[in-house]
Amino acid sequence: MHSLKTAVTEHVDAQECAATLAMRGDLRQALAETRPALLIDGSWQDPVAGNSLDVDDPADGNRIATIAAGDAQDIDLAVAAAQRAFHV
C-alpha cells in the first residue's frame, strides 16, 4: 500500500514531468522560429560565412534548433567589439 507521502511525491513528479515536457515543446517552437545569429556588439548578426549547425535532442534524436556557427572572422568582430567596450 502506498503511503500518503509516496502518493504526493508521485503526483508532484508527474506534474514536474508534464511541465518539463511542455517547456521542451515551447522551447522547440521558439527555437524553430528564430534565425541563427550571433550576438556581437549588442546586436544579432548573421555569421560572416553564413554557416550554421543543427542541434539534436539527445533524448529522441529530433532537431531542436539550428544555431549560427561563427568562424575566425566572427571572432575578430566580437573581439574588436569587446575591446571597444572595455577600451583596451
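This is a short chat about a predicted model of one protein.

Colleague: What is the mean pLDDT of the protein?
Modeller: The mean is 79, and 72% of the residues reach 70 or more.

Colleague: Where is confidence lowest, and where is it highest?
Modeller: It is lowest in helix 1, residues 4-32, at a mean of 59. Helix 2, residues 72-86, has the highest, at 95.

Colleague: On to the strands. In which sense do strand 3 and strand 4 pair?
Modeller: Antiparallel, over five bridges. Strand 3 covers residues 52-56 and strand 4 covers residues 63-68. Leu 53 has Ile 67 as its bridge partner.

Colleague: How many residues lie between strand 3 and strand 4 in the hairpin?
Modeller: Six. Gly 61 sits in that turn with a positive phi of about 80 degrees.

Colleague: Which residue has a positive phi although it is not a glycine?
Modeller: Asp 41, at about 60 degrees. Most residues other than glycine have a negative phi. Asp 41 lies in the loop between strand 1 and strand 2.

Colleague: Is Asp 41 buried or exposed?
Modeller: Exposed, because its relative accessibility is 52% and the cut-off is over 50%.

Colleague: New topic. How many salt bridges are there?
Modeller: Three. Asp 46 and Arg 35 meet in one, at 2.4 Å, N to O. That pair links distant parts of the chain, eleven residues apart.

Colleague: What does Arg 84 form with Asp 41?
Modeller: A salt bridge, with the closest N and O atoms 2.8 Å apart. Arg 84 is in helix 2, and the two residues are 43 residues apart.

Colleague: And which residue forms a salt bridge with Asp 54?
Modeller: Arg 63, with the closest N and O atoms 3.4 Å apart. Asp 54 is partly exposed at 47%, whereas Arg 63 counts as exposed at 54%.

Conventions: Residues numbered from 1 in each chain as written. Predicted model: local features only at pLDDT ≥ 70, side-chain atom pairs only at ≥ 80, totals over all residues. Heavy atoms only, no water. Pairing = 2+ DSSP bridges. Helix = DSSP H or I, 4+ residues; strand = E, 2+ residues; numbered from the N terminus. pLDDT = per-residue confidence, 0-100. Buried < 20%, exposed > 50% of the residue type's maximum accessible area, 1.4 Å probe, protein only. Salt bridge = Lys/Arg side-chain N within 4 Å of Asp/Glu carboxyl O.
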